[in-house]
Amino acid sequence: MPTITPVLGDITQQEVDAVVNAANNGMRGGGGVDGAIHRAGGPAVLDDCVQRFPDGLATGDAGWTTAGDLPARWVIHTVGPSFRAGERDRGLLESCYRRALEVADELGARTVAFPLISAGSYGWPRRDAALTAAYTVAGTRTDVTDVRLVAFDDDTLTDLRGATIQQTPLRILQAVRVLHRRGQQHARVMASIAPTGMHLRIQVSAQGSDTPTVKYTTGSETSFLDTEVTAATSPAEVADLLENAEPALTRRVSDPDYARWYDGMLSTVERNRALPVARGEHFDSRPGWQIGDERYPHPPEPA
Ligand code: ADP
């Protein structure tokens, strides 16, 4: 899984194997990123577009051309959905990142820079575009080792940083699913807003044992158990960390009801791109956990 690094800059100046273009269906150039790439890359990019894409490119798909005069070797073109024109299926936006990484793998590109696809003239809400970028890249199997998410302005950089930092608590939550699949279904999670109201606190404990819980707060960003945990860390590696930190978690205990509940809860997190909160009085008083805009039922009692 790739390292994800948000940076402030111009996509045309990135020294990477491939830069991604936020193109349009016509594939003959345009405004924004597209215009900048064609200007800086020179006519070779357009010539190659005409050759390789006689009929243009479908929304959500990706393909490559030479990068012409750019420092990168290739341009990977992808067409984001136009939110402004009513294309609001997030699956299409996810597909842009996935297909671009697939094309990068075909090319053997190891370092890839993305602009925030669809967040310019296509009008996709910026924060959601940033979350989609980070969650999709973090969830895609690829041989690309470094993904740069390039922000053209400070507000976009802030959103990209926030979305990238969420990958650490996400990996911890996914690690507990790994423990369950290893047969350690007494591994339980509590997620609550810290008293300051600023940070989410995640506690992992072994149900039925009086050993202390393993704690993480989003205030410590990518640091968990003295280890750097990022999108590039696999859930299995984080599961190993948890087992080392708390031997009670290595016991084999069957609790299929909880494991099923947890699976559904985590799928909701992954779908909504929002961390879960079990408590917090500023959320509504209906029973359950808050996950983005959704209410998810409370976990079952221990078996
Ligand atoms: P789309 O049509 O997919 O919305 P745009 O090119 O209009 O694509 O914008 C996508 C994002 O890229 C926006 O956040 C915009 O601010 C940003 N952007 C525009 N020019 C550049 C550039 N040269 N380098 C990096 N990002 C850029």
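Biologist: In this predicted model, which residues is Q167 in contact with, leaving aside its neighbours within four places in sequence?

Modeller: Q167 is in contact with A134, Y135, A138 and A231. Contact here means heavy atoms within 4.5 Å. Q167 itself lies in helix α6.

Biologist: What makes Q167 buried?

Modeller: The relative accessible area of Q167 is 0%. Buried means under 20%, and Q167 is therefore called buried.

Biologist: Why are α6 and α7 called roughly perpendicular to each other?

Modeller: The axes of helix α6, residues 167-181, and helix α7, residues 235-245, cross at roughly 75°. Angles of 65 to 115 degrees count as roughly perpendicular, and the two helices are therefore given that name. Their axes come within 8 Å.

Biologist: Which residues meet where α6 and α7 are in contact?

Modeller: From α6 come R171, I172, Q174, A175, V176, V178 and L179. They meet P235, A236, V238, A239, L242 and E243 of α7. The residues of this contact divide into 10 nonpolar, 1 polar and 2 charged.

Biologist: Which residues of α7 are buried, and what covers them?

Modeller: The buried residues of α7 are P235, V238, A239, L241, L242 and E243. Their cover includes α6 and the strands β8 (200-206), β9 (214-217), β10 (223-224) and β11 (227-228).

Biologist: How do you know that M27 is buried?

Modeller: M27 has a relative accessibility of 2%. The cut-off for buried is under 20%, so M27 counts as buried. M27 is placed in the loop between β2 (18-23) and α1 (32-41), and has a positive phi of about 60° although it is not a glycine.

Biologist: Is D226 buried or exposed?

Modeller: D226 has a relative accessible area of 83%. Exposed means over 50%, and D226 is therefore exposed. Its place is in the loop between β10 and β11. The phi of D226 is near 60°, a positive value in a residue other than glycine.

Biologist: Which residues come nearest to the ligand?

Modeller: Of the 14 residues around the ligand, I11, V33, S118, G120 and S121 come nearest.

Conventions. Residues numbered from 1 in each chain as written. Predicted model: local features only at pLDDT ≥ 70, side-chain atom pairs only at ≥ 80, totals over all residues. Heavy atoms only, no water. Axes fitted to C-alpha atoms, helices over the stretch in contact; angles between N-to-C directions. Helix = DSSP H or I, 4+ residues; strand = E, 2+ residues; numbered from the N terminus. Parallel < 35°, antiparallel > 145°, perpendicular 65-115°, else oblique. Nonpolar A, V, L, I, M, F, W, Y, C, P; charged D, E, K, R; others polar. Buried < 20%, exposed > 50% of the residue type's maximum accessible area, 1.4 Å probe, protein only. Near = heavy atom within 4 Å.
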